[in-house]
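Try each task before reading its solution.

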Amino acid sequence: MLRSTLAQQGIPVYSVAWGPDSEKVLYTAGKQLIIKPLQPNAKVLQWKAHDGIILKVDWNSVNDLILSAGEDCKYKVWDSYGRLLYNSQPHEHPITSVAWAPDGELFAVGSFHTLRLCDKTGWSYTLEKPNTGSIFNIAWSVDGTQIAGACGNGHVVFAHVVEQRWEWKNFQVTLTKRRTMQVRNVLNDAVDLLEFRDRVIKASLNYAHLVVSTSLQCYVFSTKNWNTPLIFDLKEGTVSLILQAERHFLLVDGGGIYLYSYEGRFISSPKFPGMRTDILNAQTVSLSNDTVAIKNKADEKIIFLFEASTGKPLGDGKFLSHKNEILEIALDQKGLTNDRKVAFIDKNRDLYITSVKRFGKEEQIIKLGTMVHTLAWSDTCNILCGLQDTRFTVWYYPNTVYVDRDILTKTLYERDASEFSKNPHIVSFAGNQVTIRRADGSLVHISISPYPAILHEYVSSSKWEDAVRLCRFVKEQTLWACLAAMAVANRDMTTAEIAYAAIGEIDKVQYISSIKNLPSKESKMAHILMFSGNIQEAEIVLLQAGLVYQAIQININLYNWERALELAVKYKTHVDTVLAYRQKFLETFGKQETNKRYLQYAEGLQIDWEKIKAKIEMEITKEQERSSSSQSSKSLGLLH
């Protein structure tokens with residue numbers, strides 16, 4: 001029974017494809033492509049796509065990309081806004097069929113006596129010339145390992161995807177046949193053959209382990225021993241994604257998301273409302289030793305965060321919400337759980353970073369860069385790299401944005417990225433080597449300085465003297481800037497002072513010196529927080545320690561007059577101090593008081609600077625006595 005007519009036109013519709021969310025339909029109209037939303041009165045998107053009649057289209061639900069093929073003998077890749085991402089060279093004959101693999105990583109192209117396998121970015125892996133006539137239609141198997149083609153000579157052609165490659169450090173793994181892998185150690189040229197009972201569907205090589213899923217089982221190999229894999233049965237055979245972290249790995253299949261240890265022990269299975277595992281890929285799921293991050297497809301502004309060990313939502317269960325749709329997410333791999341960060345790119349191509357631990361207070365989401373197309377964290381330390389417009393950028397210590405944003409630019413490494421051509425993609429970031437795939441499919445390897453990684457190692461082990469020695473040896477501003485931010489983040493102000501002096505930040509050196517001379521540890525802590533721009537937290541630390549005057553004074557120093565008076569009135573102390581400093585401030589600038597609250601409290605109050613100074617002296621003496629008594633009680637405790 002006909003439900004409705006979506007569109008009527010005077011020319012034939014040769015091909016139709018559903019959009020990823022089943023709310024739009026893509027169809028052909030001669031040389032034009034049309035995206036028609038199902039909602040009435042919604043805007044129709046239409047553009048000229050080919051110079052000849054378009055014969056075939058396909059739209060992938062995982063990567064949201066569109067394929068088109070036409071009588072102009074070309075195939076093209078588009079995004080869902082109609083922007084051209086790839087335009088093939090003209091073939092000898094019209095392209096009669098195109099089809100995406102289910103995971104959106106590959107697509108197949110059919111023509112007269114031609115079957116081609118291509119990467120999602122458009123470049124060709126392989127070209128076969130079967131004697132079949134034109135291939136009019138192509139269908140992929142659910143697991144994305146096989147293709148069936150309907151041929152013009154009445155035959156059906158079947159093909160299997162082989163010769164896939166995985167690399168990690170000195171190991172190269174190749175799928176030579178459907179059920180056979182070859183492992184080559186390039187250091188000694190040793191070769192191992194791995195045989196499997198069923199055909200290989202997915203594999204991943206990282207963190208000294210090779211994880212292989214077949215149609216029925218999962219194999220876990222250690223790079224130290226290729227002979228005795230750990231094997232366990234899979235609940236559902238169609239594994240669509242494997243992600244690895246140092247301690248465990250993640251499998252995604254049609255039934256759910258599962259975490260396993262490298263010993264084959266099931267750890268957890270994160271779940272969230274409306275979860276669709278068929279549309280998850282490496283850009284929308286990220287794994288670290290303690291956290292799983294998943295982008296929500298139903299609302300693309302949301303990232304769900306889970307504990308890896310339990311599969312339960314992280315912290316107070318709140319998800320991470322951003323103002324724009326998110327395209328790609330990545331968790332850092334090293335460090336403590338409390339310091340775990342997630343970096344993501346939104347649809348404006350802005351790069352942001354935020355903390356994953358979320359308890360009550362809203363964590364800051366801070367912008368790191370603009371026009372970022374692809375990103376990756378290092379697997380050995382928390383260094384982030386990305387391709388930013390025409391530059392390749394490395395953030396040696398991204399945490400700097402939380403500590404001292406002024407020196408962020410000093411912690412970066414940048415180089416020209418024009419050699420990588422249009423739309424390059426970062427494949428991996430292992431140690432100090434970044435692998436980038438260019439638009440033509442070729443791989444480019446870039447080595448970055450090894451010193452920042454060594455600095456990260458020293459700081460994580462609290463070897464501050466070694467860290468300073470390293471910076472003095474290397475004599476680089478970038479390294480000193482990283483050390484300055486790391487020292488402040490870890491509250492080591494002696495090292496911070498040395499590092500800031502080395503990069504010429506004299507005002508900050510003087511401020512750190514004044515912090516070191518403060519009488520109580522609470523005051524020191526509050527001023528370190530202020531140094532990093534966390535004024536509210538600094539105030540809370542002082543108020544909890546009963547240092548009300550100090551809390552008022554930091555607001556006066558920051559000209560935060562409303563808050564200073566609010567605290568003075570609330571704690572019934574130093575109201576005259578606040579009014580006196582306010583009056584002095586106004587006199588300096590030759591202004592009259594206009595604030596109603598200040599006018600109200602100033603009525604009938606005589607300001608006596610001698611009395612105020614005496615009160616301030618008393619507060620400072622009280623703080624000094626308190627800190628010395630707490631130190632003496634500590635030393636007595638040690639003597640006992």
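**Exercise 1.** Find how S32 and strand S33 (residues 341-346) pair.

*Solution.* S32 and S33 run antiparallel and share 5 bridges. Strands are DSSP runs of E, at least two residues, and helices are runs of H or I, at least four, numbered from the N terminus. Strands pair if DSSP finds at least two bridges between them. Next, look across the pair: isoleucine 329 stands opposite phenylalanine 344 in S33. Last, check burial: 5 of the 6 residues of S32 (residues 326-331) are buried, so the strand is largely enclosed by the rest of the structure. Buried means under 20% relative accessible area, with a 1.4 Å probe and protein chains only.

The model is predicted: local features need pLDDT of at least 70, side-chain atom pairs count only at pLDDT 80 or more, and totals for chains, interfaces and linings use all residues. Residues count from 1 along each chain as its sequence is written, and side-chain values use heavy atoms, without hydrogens or water.

**Exercise 2.** Give the strand order of the open sheet of 3 strands.

*Solution.* The order is S13-S14-S15, with antiparallel pairing. S13 (135-140) and S15 (156-160) are at the edges, each with a single partner strand, so one side of each lacks a neighbour in the sheet. S14 (residues 146-151) joins S15 through 5 bridges. There, glutamine 146 stands opposite histidine 160.

**Exercise 3.** At what angle do helix H5 and helix H6 pack?

*Solution.* H5 (residues 493-502) and H6 (residues 506-516) pack at about 160°, axes 9 Å apart. Axes are lines fitted to C-alpha atoms over the stretch in contact, and angles run from 0 to 180 degrees between N-to-C directions. That makes H5 roughly antiparallel to H6, a term for angles over 145 degrees.

How values were computed: Parallel < 35°, antiparallel > 145°, perpendicular 65-115°, else oblique. Buried < 20%, exposed > 50% of the residue type's maximum accessible area, 1.4 Å probe, protein only.
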